[in-house]
Amino acid sequence: ARLSLWPDNPLVRSASRHPITDAGICHSVDSLIALLDAQERGDRRQGTLTAIAPQRRAEYPKPVETLERIIPPGVEPELPRGGRRLMCFDPDWQLPMLVITYDDKGREVEYYRYHRMITPVNLDDDDFNPDKLWAPANPKAIPGGAVRR
């Protein structure tokens with residue numbers, strides 16, 4: 001059986017605070033650029049971004065460059081009273097591959113880490129085609145495990 005759901009469906013969203021369309025390093029970088037642009041214009045409504053001292057993290061053998069975003073109340077629905085987000089940059093990739101969010105009480109509420117990055121990936125349309133991804137291994141296979149002879 002196969003299920004087709006919209007990205008904002010509650011079943012899809014139940015395991016994450018964000019829609020799948022917000023996932024990935026590119027989204028993190030785009031958000032970071034938008035926040036930096038706003039901050040340079042003097043617009044602090046979405047929060048502030050500050051470079052802080054390199055952080056020691058168990059995920060990395062040495063301290064990593066880190067940005068801290070202060071999120072004002074009401075900016076993100078998941079953080080109604082605001083919070084802060086750390087974006088740690090992988091020393092090899094120089095990308096924000098560890099993102100940790102804390103609520104207004106300092107409790108960790110999100111932890112996203114990208115690791116074992118592989119490039120180039122060389123994906124094509126078939127890699128996203130559900131008919132090809134979930135096609136039966138045996139073209140004569142019948143749902144439920146029976147095989148047509």
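Two strands are taken to pair if DSSP finds at least two bridges between them, and the elements themselves are DSSP runs, helices being H or I of at least four residues and strands E of at least two, numbered from the N terminus. With these terms, the bridge partner of I52 in β2 is T66, and β1 is joined to strand β2 (residues 64–71) by 6 bridges in an antiparallel arrangement. The coordinates are those of a predicted model, in which local features need pLDDT of at least 70 and side-chain atom pairs count only at pLDDT 80 or more, whereas totals for chains, interfaces and linings use all residues. Residues are numbered from 1 along each chain as its sequence is written, and side-chain values use heavy atoms, with hydrogens and water left out.

The β1–β2 pair belongs to an open sheet of 5 strands, which follow one another in the order β1-β2-β3-β4-β5 with antiparallel pairing. Its edges are formed by β1 (48–55) and β5 (108–113), each of which pairs on one side only. On average, and with direction ignored, neighbouring strands of the sheet are turned by 20° against each other, where the axes are lines fitted to C-alpha atoms (for helices over the stretch in contact) and angles run from 0 to 180 degrees between N-to-C directions. Strands of a sheet pair through backbone hydrogen bonds, either parallel or antiparallel.

Two hairpins involve β4. In one of them, β3 and β4 are separated by 6 residues, and Q94 in the turn has a positive phi of about 60°; the two strands pair in the antiparallel sense over 7 bridges, with Y102 of β4 as the bridge partner of R84. In the other hairpin, 4 residues lie between β4 and β5, and G106 in the turn has a positive phi of about 85°. Here 5 bridges join the antiparallel strands, and the bridge partner of L98 in β5 is R113. The loop between β4 and β5 also contains R107, which touches T101 and Y102 when residues up to four places away in sequence are not counted, contact meaning heavy atoms within 4.5 Å. The C-alpha atoms of R107 and R85, which are 22 residues apart along the chain, are separated by 11 Å.

Burial is described by relative accessible area, with buried meaning under 20%, exposed over 50% and partly exposed in between (1.4 Å probe, protein chains only). On this scale 8 of the 8 residues of β4 are buried, so the strand is largely enclosed by the rest of the structure. The largest nonpolar core comprises 9 residues, namely I25, Y60, V64, L86, C88, M97, L98, I100 and Y102, a nonpolar core being a set of buried Ala, Val, Leu, Ile, Met, Phe, Trp, Tyr and Cys residues joined through side-chain atoms within 4.5 Å. Two or more residues of this core come from each of β3 (83–89) and β4 (96–103), and β4 gives the most, with 4 residues. Apart from this core lies another, of 7 residues, among them L49, L67, M87 and F89. With residues up to four places away in sequence again excluded, C88 touches R57, V64, E65, T66, L95, P96, M97 and L98.

R84 lies over the face of Y102 at 4.6 Å from the ring centre, and R113 lies over the face of Y60 at 5.6 Å from the ring centre.

Most residues other than glycine have a negative phi, and most peptide bonds are trans. In the loop between β5 and α3, however, R116 has a positive phi of about 55° although it is not a glycine, and this residue is exposed, with a relative accessible area of 71%. N122, in the loop between β5 and α3, likewise has a positive phi, near 55°, and counts as exposed at 64% relative accessibility. The peptide bond from T119 to P120 is cis, with omega near -15°, and P120 lies in the loop between β5 and α3 (130–133).

In the loop between α2 (25–40) and β1 lies Q46, which is partly exposed, with a relative accessible area of 42%. Beyond four places in sequence, Q46 touches L35, R69, I70, P72 and V75; its C-alpha atom is separated by 6.8 Å from that of P72, 26 residues apart along the chain.

Notes
A charge sits over a ring if NZ of Lys or CZ of Arg is within 6 Å of the ring centre and within 35 degrees of the ring normal.
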